Amino acid sequence: ANSTQCCVTMSPMSLTAITSSDEEDDSDSSTKPIRSEKKKNPVSLFQTGGDPPREKKSKKKAPSKGAESEEETPETLQKNSNKKGKGKKSKKKEERPPSPVIEVDNLEEFVLQPAPQGVTVKCRVTRDKRGMDRGLYPTYYLHLDNDKKVFLLAGRKRKKSKTSNYLISIDPTDLSRGGENFIGKLRSNLMGTRFTVFDNGANPDRANADWSNVRQELSAVVYETNVLGFKGPRKMTVIIPGMNADCERVPIRPRNDNDGLLMRWQNRNMDNVIELHNKAPVWNDETQSYVLNFHGRVTHASVKNFQIVHSSDPDYIVMQFGRVADDAFTMDYNYPLCAVQAFAIALSSFDGKLACE
């Protein structure tokens, strides 16, 4: 496992290689959904207490009937439909399993609320690099991975920003900071090794009296710097707010630069904070590559492929992301993540981190 060579050879049984380059190759794929053989309820891993959030938009909705079944294919899901989605058994056309039935009655509410417990929300990320401008600043789109390809989020890097700064919107055509569809942003440090995810709240400089309008930090991502230059899998740490007894996200609203998820993590002040890591891939001597089991959801080798887990239960996949085509990726997330958190974590993996490669 000490070898520094990473090749793109695929191993059998749906194991997908993690490589130090972005070359691709095809892999065997399986139609099995992600299943975590949990000995304990994973909800307890993320509960930290804290005050319940005041915002209505962070309240958790009960999953729809049929949402627990990962074998069903969704019917039409409209952005503002009040009709309940019903699962229908159908012949699978795709080799990858579709997302379970998910209701998207209110898009803004849905993308900020945690995934329903016991349900893997399966999504697809596409990268649009068409045109001179998008060649440098691609637009990324997030859809539910189902027959209707329900749109969830769009993201794009801001042009005149000193650090990497991605805007996230609930409208595929409106990616402006001042627009009403702005839902969050991803911001990096100067090195491009640490990222913070914010919702669409106000800057602390514009706080109201009770601080309730100030932006929340939804997540932070730390990429371990690779100063020796050895090729190998990336190492990621993901920091998220904990969940209260009602399974709602504990609000983290830093008042200055000395607070926030990254500073709390750095100072080991982990009250109401959860630390996650990418699951370490295993070196396979037979294929001479690092591999992870993505259960058929990832079919191309890439350094961007990853799975996020809690150290106390590495079998419970909080999130996974990986390549299925040149500009297409699958992104699946589970409780306690919401779509904005997962999408922003995925966007961070696209950023060029010279110190990490």
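**Exercise 1.** Which residue forms a salt bridge with D145, and how far apart are the closest N and O atoms?

*Solution.* Start with the source. This is a predicted model, in which local features need pLDDT of at least 70 and side-chain atom pairs count only at pLDDT 80 or more, while totals for chains, interfaces and linings use all residues. Residues are numbered from 1 along each chain as its sequence is written, and side-chain values use heavy atoms, with hydrogens and water left out.

Step 1: apply the rule for a salt bridge, a side-chain nitrogen of Lys or Arg within 4 Å of a carboxyl oxygen of Asp or Glu. The partner of D145 is R297, and the closest N and O atoms are 2.9 Å apart.

Step 2: Strands here are DSSP runs (E, at least two residues), numbered from the N terminus.

Step 3: check exposure, where buried means under 20% relative accessible area, exposed over 50%, and partly exposed in between (1.4 Å probe, protein chains only). D145 is buried at 0%, and R297 is likewise buried at 0%.

**Exercise 2.** Describe the salt bridge between R127 and D327, and the network it belongs to.

*Solution.* Step 1: the side chains of R127 and D327 meet at 2.8 Å, N to O.

Step 1: R127 belongs to strand 2 (residues 121-128), whereas D327 sits in the loop between strand 14 (313-325) and strand 15 (328-333), so this pair links parts that are 200 residues apart in sequence.

Step 2: R127 is buried, with a relative accessible area of 16%, but D327 is partly exposed at 27%.

Step 3: count and join. The structure has six salt bridges by this rule. Another of them pairs E275 with R268, at 3.1 Å between the closest N and O atoms. Salt bridges that share partners join R127, K129 and D327 into one network.

**Exercise 3.** Is V273 buried or exposed, and which residues is V273 in contact with, leaving aside its neighbours within four places in sequence?

*Solution.* Step 1: V273 lies in strand 10 (residues 273-278).

Step 1: with a relative accessible area of 5%, V273 is buried.

Step 2: take contact as heavy atoms within 4.5 Å. Apart from those sequence neighbours, V273 is in contact with T48, I239, I240, G242, L261 and R264.

Step 3: I240 is 33 residues from V273 along the chain, and their C-alpha atoms are separated by 5.9 Å.

**Exercise 4.** Describe how the rings of W283 and Y290 are arranged.

*Solution.* Step 1: rings of Phe, Tyr and Trp (its six-membered ring) pair if their centres lie within 6.5 Å; planes under 30 degrees apart are stacked, over 60 edge-to-face, and the rest tilted.

Step 1: nine aromatic pairs are counted by this rule. W283 and Y290 form one that is edge-to-face, with 4.9 Å centre to centre and 70 degrees between the planes.

Step 2: W283 is buried at 12%, and Y290 is buried at 9%.

Step 3: elsewhere, Y140, F306, F321, F329 and F350 form one aromatic cluster.

Note on methods. Helices (H or I, at least four residues) and strands (E, at least two) are DSSP runs, numbered from the N terminus.
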